[in-house]
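Thank you for coming, everyone.

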Amino acid sequence: MARALNLVVTGVGGQGLITLSSIVARAALRRGVDALVAETHGLSQRGGTVIVHVRLGDVDAPLVPPGGADAILAMELIEAVRYLGYLRPGGTVVLNDYLVPPPLPGIETPSASSLLDAIRRRAGRIVIVPATRKALELGDARVANMVLLGAALEAGVFNGFIDAAAVEEAIRESWPKAAEVNLAALRAGRALAKSS
Amino acid sequence: MPRYSEVLAPAGGKVLMLGNVAIARGFLEAGVQFVAAYPGTPSTEVVEALAAAARRLGGRPYVEWSVNEKVALEAALGAAITGVRAVAVMKHVGLNVAADPFFSSAYLGVEGALVVVSADDPWMWSSQNEQDNRWYGLHAYVPVVEPTGPQDAKEAAKLALEYSARYKRPFLLRSTTRISHTRVPVETGAIPVEELEPRGDFSKNPARWTLIPQYARMHRLELLEAWDRLRRELAGFPLNRVEGSGPVAVVAPGLGYRYAREAVKLLGAEDEVTIYAVATPVPLPEPLAEKILSHDMVLVVEEGDPIVEIQLKTMAVEVDARTRILGKRGAQGLLPRHGELGLEKVAAALAKVLGRELPAWTRGERREPGVKLPPRPPVLCAGCPYRSFFYALRRAANKLRLRPVYSGDIGCYSLGILPPFEVQDIIVDMGASIGSGSGMAHTLTGGGRVVVAIIGDSTFYHSGVTALMNAVYNQSPLLVVVLDNHTTAMTGHQPHPGVGVDAEGRAAPEIRVEEVARGIGVEKILVSDAFDIRDSEAKLIEALRYTIETRKPAVVVARGACILVALQQARRRGIKPPTYYVDPEKCTACGICYKAFNCPAIQRGEDGKAVIDPALCTGCAECVQVCPFDAFKPSQEPPEEWTVIMRTAKPA
Ligand code: SF4
Ligand code: SF4
C-alpha cells in the first residue's frame, strides 16, 4: 500500500468520535499530511453504533477497507469487537475500558472479559485505558475522547504522521476557550497508556 | 471555534472542511445570492454553513429554511428568474417532493443561475431508500455535476453555479454521503462579498416565463436543442479529466474516481489502464464517450445506479462499437447494485478485468469474533420527551383496551419503532403518518382498532398540514399526535415555522401547531406537557374517546424541548441539571424502568436493581414518575430554571 495510515474510530453515538477524528485530521494538516475523515451522521447520533474512517497520507478513497486498518480506536468494548474485521493482521487496538449495554429490553450483553478475549485473538497489540472514568474524574464526561486520543498517541499509533505537539495545537485551535480540560484529558491519556 | 467559521476562512489557505461545507464555500466563491432548503441528512450542513456565513456577512447571501423542498426549489427558481444566482438544497428524497418545479425549471431556464443540490444516501444511513438522483437529470433534461470525491466538492459547486449562469439552465449538483460527510483539506479561494447581495429585476415576457401549452411546446424544442449542445460542450468541463494511457478504460464518475484511482495504485496497474474521471455524468458528453468507446475493454465504477454505464452502452449500440462494457449490469455485473462502493470491491472488480490475482487483503477473511454481539440501533436519547410521551401513549391505549395502529413518520420519533414502545407500525415518507393514517382510518374495522398518526413538528409543517386538512375534509376518524420539541431534531436542530427564529438567527413569526389545526377545522385539540406522563395520559384518553365516539379527527400536541437543545442552553446559561441515582433501599428490582421505560442511562444491575450511569443521565426526572417505589433521587435539588428550560428551549 502507498504510504498511508488507516484508522477506524468507533464507539456509541454521543461519545465524541467525530470530534476525536477531526482533531487527528487537523493535527495532520498542520504537519502537511493529507487527511480524509468519513463519518456517518444522522440517526447514529442517538446512542447507536458509530464508525468513523480516518485515513492519513497518500490516500484517495474515503473508506478504510476491511482488513486494512492499522489501528482501531474504540470508546466502547462492544463496538470495538463489532468492527474488528477492519483491523489488519497484527494491528493495534486502543480501547476505553467501558461497556455500554445496548438499551433494548431482554437483550443479552456479553461480558467485558469475553469481549477482551475476542480482541486479543485478533489484535497484535492492545492498549486499554479507563477513559470515561478518567474524564468523569476531570469533571466532564465529554472529554473521554481526548483521554483515548492521548493513549493512542502514547501507543505510537500516529508515529511518522503526527506528533503530540501537533495534536495539542489542533486542540487549542478547536477550543480556544475550553482547551485546558481537553489538554488535561489528552495528557492523562498519555500517562495512563504509559503505565498500562 | 464558532460552528462553521471555516466556511469564511481567508483565501489562499488549506482548511479542513466537511464536504458539505466545501460545497457551501464553492457557492460563496461563485457569488451565490439566494439559498433555500429543507434540512435532510446528508445535505443539511451545506445550508447551515451558508446561514452561518450570512449571519456574519450582514445577510448576504439571503438564506432560508423553507417549509419543504418543493417550496425551497420554487423560491430559488423565482429568485433565479429575477436574475439572481440561486441554489436549492435537499436530500435525495427531497427532490421527489420538489420534482414538479424541478421539471418545469428545465423548460423555463433561468435569468441568473440555479443549482439544485441533491445529497444521495447509498445504503440508507439515514433514509428510507437509496435512490440515485442522476436519473432525475436524464428524466427532466437537467445536466448533472458530480464531484469526483470530497476533494473537489468545492470546485464542483463553484463550477456548477458558473455553468448554470453561462447556459441559463438549472444544473443538478449530486453529492453522496461519503462526499457530503467526509472531512478533507480544502484550498480556499476568494469570496466576492459585495456580489452576494441579491438584487433582482424582472421584465414581463409571458412567452419566456409561463408554461401554458402554447409556450411550453416552444420550450420543449429549445430544451432538446440545448441538451444536444450540452452533450457536446460538457466534455470541456474542467473536472472531467483523463489519466494514463493504458489499454483498459476505467470510467469513474463522481466518487467512483477516488476508489478507482486508489485501486489502480494498489494493483500497480498504472500502465494498463486509462482512467476517465467524469464530473458530468448526465448527459454523458459525446466526445468523451467516443474516446472511451475506442477502448476494447471498459470498466465503469460509479456510486449508485449504472447511469453512465447505461448511457455508454446505448451509445455503443448507436455507433456500432464493439467495446466490452462492464460495471453493474448484465450477467457479468462485477460491482454490486446496492450499497456503497468500497476499495475492496473496486479492487476486486479491476483485478478481474485485468486478469489479475486478487490482493490478499481484499479477500477480507472476516473472521467471526467468537462472541455474540447484541445489535445497537440508535435509540431515543436519555431524557428525550418522546420517551415519557410514548410511555403515556401506551398506558392510555391499554386503559381504553384499544388496539391502535400507529402510523409513523420521519424524525427522531421513528425510533419509537423499537421495543418497549413499538409505536410506529408503518413509516412511508415525510407527512405520510397523517396521509396514510387517514386512509387506514377509513378502512380498518374491528373492535378497539383506532389509528394514531405520530408526526413531529418540523414534519408537520413540511407536509402534515395538507394531509390534516384532507383528514378534516374527508372526516377521517384518527388521532393525530404532533410531537412539538421546537426544532428539527434529527438533522441537527434547525429552526422551522414554529420556532420563532429564521435560518439567519433573526426573530421570526411563530406559527403554532394548535392554531394551524384550529384554522384547518379540527374541533378537538389538546396540548400536553410531554415530560409529564400523567398529563399526557389524561389528554390522550380524552382525545381518543372523542375520536372513537364522534368519528372525527382529534389533535394532541405534545410539547417539550429536545433534551439536547435544553442541555446546550443550560450549559450556556451556567445552569447545572441534576443527575439522578437509584436508592437501593427502595428499589425492588421490579425492572419497570429498564424494561418498560428503557431510558438508556438506566441499566440493570447485578441483583436486578436499577443503576444509573451518571455519564448518560440528563436529569429529566422522567424516571421519577415511572418508578412505583420512589427509588429515583436527584443528586441535588433540580434548579427551577432547568425544569423551565426542559420545556421551552429552542435553537438560538
Ligand atoms: S435528538 Fe432530541 S428529539 Fe431526537 S431523540 Fe434526542 S432528545 Fe429526542
Ligand atoms: S435516568 Fe432518569 S433523570 Fe436520568 S435521563 Fe434517564 S429518565 Fe432522565
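Predicted model: local features only at pLDDT ≥ 70, side-chain atom pairs only at ≥ 80, totals over all residues.

**Salt bridges, the contact between the chains, and two ligand sites**

Let me begin with one pair in chain B: B:Arg231 and B:Glu286 form a salt bridge, with their closest N and O atoms 2.8 Å apart, where a salt bridge means a side-chain nitrogen of Lys or Arg within 4 Å of a carboxyl oxygen of Asp or Glu. This pair links distant parts of the chain, since B:Arg231 sits in helix H10 (residues 213–233) of chain B and B:Glu286 in helix H12 (residues 286–292) of chain B, 55 residues apart. Helices here are DSSP runs of H or I with at least four residues, strands are runs of E with at least two, and both are numbered from the N terminus. Over all chains, the whole structure holds 62 salt bridges.

Residues are numbered from 1 along each chain as its sequence is written, chains are lettered from A and ligands numbered from 1 in the order in which they are written, and side-chain values use heavy atoms, with hydrogens and water left out.

Now to the contact between the chains. Chain A gives 60 residues and chain B gives 60 residues, with contact meaning heavy atoms within 4.5 Å. Nine salt bridges are counted between chain A and chain B, and in one of them A:Glu79 pairs with B:Arg376, the closest N and O atoms being 2.5 Å apart. On the side of chain A that touches chain B, 34 residues are nonpolar, 11 polar and 15 charged; here Ala, Val, Leu, Ile, Met, Phe, Trp, Tyr, Cys and Pro count as nonpolar, Asp, Glu, Lys and Arg as charged, and the others, Gly among them, as polar.

Finally, the ligands. Which chains surround ligand 1? Residues from chains A and B do, so the site is shared between chains; among the residues around ligand 1 are A:Arg46, B:Cys381, B:Cys384 and B:Asn485, where near means that a heavy atom of the residue lies within 4 Å. By class, this shell has nine nonpolar, one polar and one charged residues. Around ligand 2 there are 13 residues, and B:Cys599, B:Cys617, B:Cys620, B:Ala621 and B:Cys623 come nearest. The shell of ligand 2 has 10 nonpolar, three polar and no charged residues.
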